[in-house]
Amino acid sequence: MIKNVLITGASRGIGKAIALKFAQENFRIFINCNHSVNALAEVKDEIDRIFAANGSSSFCEMLIGDVGNPDDVRHMFDEIHKKCSGIDILINNAGIAHLGLLCDMTDGEWSRVLNTNLSSVFYCSRAVIPHMVSEKSGKIINISSIWGDVGASCEAAYSASKSGIHGLTKALAKELAPSNIQVNAVACGAIDTVMNSQLNDEERKELEEEIPAGRFGQCEEVAELVYELATKHNYMTGQIIGLNGGW
């Protein structure tokens, strides 16, 4: 049976790579973003071309909205339920960073990071759970960061949001395990994304020297791991899986 997958923050980087991976495997796909609508449309076009080349009857739908806003999430799921009975695989990928001293951070900046990175996981997970429980099957995969484990100077809000994801992942996994729903997180290290593009050549070289693998990870490597978690390992739940080149 073809399953339905929702990927938040899918207009670029890790989210885009995950969406393309599921397209190659002929899933029905819902992709989300808040601001980068043109970029998301390009992702949809690419997915549609993959489906056409494979002769697939699957579909890809764009969902525009702020997953850190519960009203937007409710509207998104109204649209989802017009197309299918519910989401079988949820990939909570949407996230933003904020660099700067904590004492200089405004109330609005703090709320924006926490809402986008952490509250979004709550809102979207809450929305998918009833369908998953009724089916006695489901996967929730949260894209997190190494900073959720060890923290990063001048990224306190980001680190706090990712630590929150880790706690939520572990607790929700226990809550949903009796219904055969697995909840896991992938804690990424330095991945070659736009979020890391602020590094200059010297900073990038210094960071690569700190990583035992000697390089940044690729978005496609994250996508491969996420796909495996989504389609296998039904006894694995509540885990924070590091993907960091040994860093």
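A: Happy to! This is a predicted model. Let's start in helix 7, where K205 and E209 sit four residues apart, about one turn of the helix. Their side chains meet in a salt bridge, 2.6 Å from N to O.

Q: Nice. Is E209 buried or exposed?

A: E209 counts as exposed, at 56% relative accessibility.

Q: What do E202, E203, E206 and E210 form on the surface?

A: Those four gather in a patch of negative charge. One of them, E203, belongs to helix 7, which covers residues 201-210, and E203 is partly exposed at 35% relative accessibility.

Q: Back to pairs: how many salt bridges are there in the whole structure?

A: A search finds 11. Among them is K21 with E224, at 3.5 Å from N to O. K21 lies in helix 1 and E224 in helix 8, so this pair ties together parts that are 203 residues apart in sequence. K21 is buried at 12% relative accessible area, while E224 is partly exposed at 44%.

Q: Which residues are linked with K21 in a network?

A: E25 and E224 are linked with K21 in a network of salt bridges.

Q: Switching to cysteines, how many disulfides?

A: The count comes to zero. The sulfur of C33 is 11 Å from the closest cysteine sulfur, in C60, which is too far for a bond. C188 is in no disulfide either, with the nearest cysteine sulfur, that of C219, 8.7 Å away.

Q: And is C188 buried or exposed?

A: C188 counts as buried, at 4% relative accessibility. C33 is buried too, at 4%.

Conventions. Residues numbered from 1 in each chain as written. Predicted model: local features only at pLDDT ≥ 70, side-chain atom pairs only at ≥ 80, totals over all residues. Heavy atoms only, no water. Patch = residues over 30% accessible without salt bridge, like charges linked within 9 Å, V, L, I, M, F, W, Y side chains within 5 Å. Areas by Shrake-Rupley, 256 points an atom, 1.4 Å probe, with all protein chains shown as cover. Lys, Arg positive; Asp, Glu negative; His and termini not counted. Charge placed at Lys NZ, Arg CZ, Asp CG, Glu CD. Helix = DSSP H or I, 4+ residues; strand = E, 2+ residues; numbered from the N terminus. Buried < 20%, exposed > 50% of the residue type's maximum accessible area, 1.4 Å probe, protein only. Disulfide = S-S within 2.5 Å.
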